Amino acid sequence: MPVTQTENGPAWHLRTPRARLALWAGWFALVALTVWCWQIMTKDTIWLFVMDAPQQAADIGSRMFPPRLSYIEKLLWPLWDTLNIATLGTMLGVIIATPVAFLAARNTTPSLLVARPIALFIIVASRSINSLIWALLLVSILGPGLLAGIIAIALRSIGFVGKLLYEAIEETDASQTEAIEATGASGGQVLIYGYWPQIAPAFWGISVFRWDINIRESAVLGLVGAGGLGLQLQASLNVLAWPQVTTILLVILATVVFSEWVSAKVRHAII
Amino acid sequence: MSATAKTYPRRWRRPATMIPDPRWRYGIYAAILIYLVLAISTVDVNWARVWDGLDRGGRFVMGFLTPDFTSRWKDISNGMVESLTMTVTATVAGVLISVPIGIGAARNIAPMPVYYACRGLIALSRSLQEIIIAILLVAMFGFGPFAGFLTLTFATIGFLAKLLAEDIEDIDETQAEAIRATGASWWQLVNYAVQPQVMPRLIGLTLYRFDINFRESAVIGIVGAGGIGATLNTAIDRYEYDSAGAILLIIIAVVMFAEYSSSYIRKWVQ
Amino acid sequence: MLTVDALTKTYKTGDKALKSVSFTVPKGQVVGLIGPSGAGKSSLIRCINRLVEPSEGRVLLNDLNITGLPAGELRRARRRIGMIFQEYALVERLTVMENVLSGRLGYVGFWRSFLRQFAGDDVQNAFRLLDRVGLIDHADKRADALSGGQRQRVGIARALAQDPELLLIDEPTASLDPKTSRQIMRLIVEICEERELPAIINIHDVVLAQQFTQRIIGLKAGEIVFDGAPELLDESVLTRIYGEEDWTAMRRAAEEDDHAERDAAERMAGMI
């Protein structure tokens, strides 16, 4: 009861005493946890280096400018590779994610006890692991190159596309699929006539959205050897060629802005 | 029956709704096809290397199925502690900083100069990938989790402040109007009209960002910013796929745990 | 001819939607199924083509025992039963023509239906049906561009495209205005006459039912409490079916719809 009886009559409070206590305890625990984590995290930090950071920043900053714009010429081919990694990786990921989504959606899964948990695990595993880690693994397995990058992007995309797509499938209108089923259609036909038309806009929207994210991610995959602009970034960093680093960052930035613009346009056209 | 004399077409084709003009349609199909051929042809694959790799791939899958937690446990636990502490502190610091910046970046309550400054900061934070920020910050602050903490904090600001600002811009104006009509000051307006409307979503977004920060903390270790990523990088470099599998499984488990508890907390908050 | 024999449906929760319902519908007869919400109308109609799995009893369509069929043969049996739905249940993002042709899905293979390659006879018949329901000019429109009455006509055309031996019609006029409701009812009755089709119309509007059907079955709490000519439906019978004020029945209505939907969804999950 937020209203309590006191000597001066009833008094109004926002929360009950117990809720207030729980709230304070919660905040206190959060602060204590943060302080504790902070102490563990910084126990090996060399504060001298941290104090030194502004000078380092100024130093690097002065080296980074002006960018070496003539270097752009050498970036065109890696840029093309980056676009291909993102595009082909997205396509591969979407192709794998679609059946996984149908297995994971409550209303289309063949079995709630076997197929659905497996599909959900695939989705969460793919989502938990960043494309750079997938690339690290694949470069170690397949050797450096575009193929590792494409597969890394695909593996990371499965979870993202799969999750959003299965949510879209679960939101479909059951009466439309029921009507298709009532005509004597087979399971596959119910999918393409009942479910697909309902999820198609979501499907294209999600794919383009993921492609946009993948452009950003594929730009840095080269840091671990998976091709594209990141390779040049790594090479320039290794020789401390800061003006080239600046140029590469500008190219990445331009690519990201471009892909965001394309994705916004396409999604606008679909919806 | 009146329709006996009538004849009906025996063919029907679905009208093309997206691109009605067939020339454009086939042009676009052709362009896509040409692009795909070009793109795939420039992926030069060293098949001999891939063939060798299949064996390693098989070992990785086996490592994933039979993970080895023990032989590198010290490294793994150190890396996990760094990752988790980094995630907690960076999320808290990120939220503390992004709340004022998010309010400043909301067009409907912030003055114009503040609005542009905050939006600029958000754009800067969002345009650079975490890994690039980490590279730069490691160069400035030295190796270790402190650089990682700064990276995640900076990335959190871009993410949270943007979404918070959009939320504030979307608030129900009538409620703000009603509070304003009582003669409330700007601070009271934020406290009474804005905060109650955006608070549940802010908590939800914070939990979501916590999840993202943890996943990112596993990556930035690759460039020296501390956390489990460094351990993972070493394990993969040494082809110790069973240790790598163990690390990946731990990451997956933590992400799953974070997701379940966040959905629980969200229900509890509302 | 349709025979329903001692049909019983008990949902998992223990709710009895149907209690040993039996009746037969001869060729060409249009039956109105009335009763308060929650009486089991929706369950009954869906038990006949097994969108809801009946618990006990039999359904015979021209001597074919539908209740005993395995999945593949059930699909073949469903082709012979046209169904028309309350909210039209058209696939809204497909064209009108595709919706009508989807009535032929049971007759064509997966790839032909995927590529929209329906047989010439099917396409011709679909155009004829669209002309019959007065929508031939709308064939290429998307279904969600049509008005309610037009959508229900497409629903009728889709059911007829199956070349059915029985029509199951679930509240065809529930979302339509009174004038359109009459037009739709008239169209259904005419078509049943033309093709000598038996039909079961699940309908809540008693006046409309009396006006257009040849026989009325009254359902209450899962049991048949009236079965006879529309003229015999008087005050006392109506009170017997609907009660004076039956609030519990109204509450059960929502529940029953819920059950039917969940049951259908679960079964569909097993199918794909």
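Which residues of strand 8 of chain C are buried on one side, and which on the other? Select strand 8, residues 199–202 of chain C. C:Ala199 and C:Ile201 lie on one side, C:Ile200 and C:Asn202 on the other, and all are buried. Buried means that 20 or more other C-beta atoms lie within 10 Å of the residue's own, with C-beta atoms placed from the backbone. Helices (H or I, at least four residues) and strands (E, at least two) are DSSP runs, numbered from the N terminus.

Before moving on, some ground rules. This is a predicted model: local features need pLDDT of at least 70, side-chain atom pairs count only at pLDDT 80 or more, and totals for chains, interfaces and linings use all residues. Residues are numbered from 1 along each chain as its sequence is written, while chains are lettered from A and ligands numbered from 1 in the order in which they are written.

**Around strand 8 of chain C**

Strands pair if DSSP finds at least two bridges between them. Pick C:Val30; its opposite number in strand 8 is C:Ala199.

Now show strand 7 of chain C, residues 166–170. Strand 7 pairs with strand 8 in the parallel sense, again over four bridges. Here C:Asp170 has C:Asn202 as its bridge partner.

**Chain C against chain A**

Next, select the contact between these chains. It takes 29 residues of chain C and 28 residues of chain A. Two residues are in contact if their C-beta atoms, placed from the backbone, lie within 7 Å. On the chain C side, helix 10 (247–271) gives the most, six residues.

**Chain B against chain A**

Here chain B supplies 45 residues and chain A 44 residues. Helix 3 of chain B (73–104) has the largest share of the chain B side, seven residues.

**The core**

Finish with the largest nonpolar core, 215 residues. Such a core is a set of buried Ala, Val, Leu, Ile, Met, Phe, Trp, Tyr and Cys residues joined through C-beta atoms within 7 Å. A:Ala135, A:Leu138 and A:Leu165 touch the most other members. Helix 6 of chain A, residues 146–170, contributes the largest share, 17 residues. Centre on A:Leu138. Leaving aside neighbours within four places in sequence, A:Leu138 contacts A:Ala148, A:Ile151, A:Ala152 and A:Ala226.

Methods: Buried ≥ 20, exposed ≤ 12 C-beta atoms within 10 Å, placed from the backbone.
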